[in-house]
Amino acid sequence: MPPVPFDPDDELMVRAHAEARASLGRFAELLPRAASAVVQFRFESRAGDSAGDEPVIEHLWGEVLERRAASVHVRVLTPPVFHEGDPPETLDVPLQDLGDWEIELPDGSLEGGFTTRATAAIA
């Protein structure tokens, strides 16, 4: 299924990214007791093989496998649409590069998911 198209300057999405970044402390606080955790991050896809091609910025989701000092190690869940060749299976994503986060707690409740809610409202 292709991603939902939206204007990156859409007020709902801009606000959602700002809320997600402002709440990274909450993400770090909840992560040790999370049943599962996913993060959204920027990924530079290469649409062609020539050195002059500009990368396409995509926003992917990854399952958090490990928290590191200044990053999270993730398994890529949403393959890039515009990337040619095999995309990476895992990546280290610096915490400051996270665009959103969502944590499922042991009781089944969810926290985060700011851009998910914004995307649903835009769609």
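A salt bridge here is a side-chain nitrogen of Lys or Arg within 4 Å of a carboxyl oxygen of Asp or Glu. What you have open is a predicted model, where local features need pLDDT of at least 70, side-chain atom pairs count only at pLDDT 80 or more, and totals for chains, interfaces and linings use all residues. Residues are numbered from 1 along each chain as its sequence is written, and side-chain values use heavy atoms, with hydrogens and water left out.

By that rule, the model has six salt bridges. Let's visit some.

**Stop one: R26, E29 and E111.** Select these three and show their side chains: salt bridges link them in a network. Zoom in on R26 and E29, where the closest N and O atoms are 2.6 Å apart. Both sit in helix α2 (residues 24-30), three residues apart, so about one helical turn separates them. Helices (H or I, at least four residues) and strands (E, at least two) are DSSP runs, numbered from the N terminus.

Colour by accessibility next: buried is under 20% relative accessible area, exposed is over 50%, and partly exposed is in between (1.4 Å probe, protein chains only). R26 is partly exposed at 30%, as are E29 at 47% and E111 at 24%.

**Stop two: R75 and E63.** R75 is in strand β3 (residues 71-76) and E63 in strand β2 (residues 56-67), 12 residues apart. R75 is partly exposed at 40%, and E63 is partly exposed at 27%.
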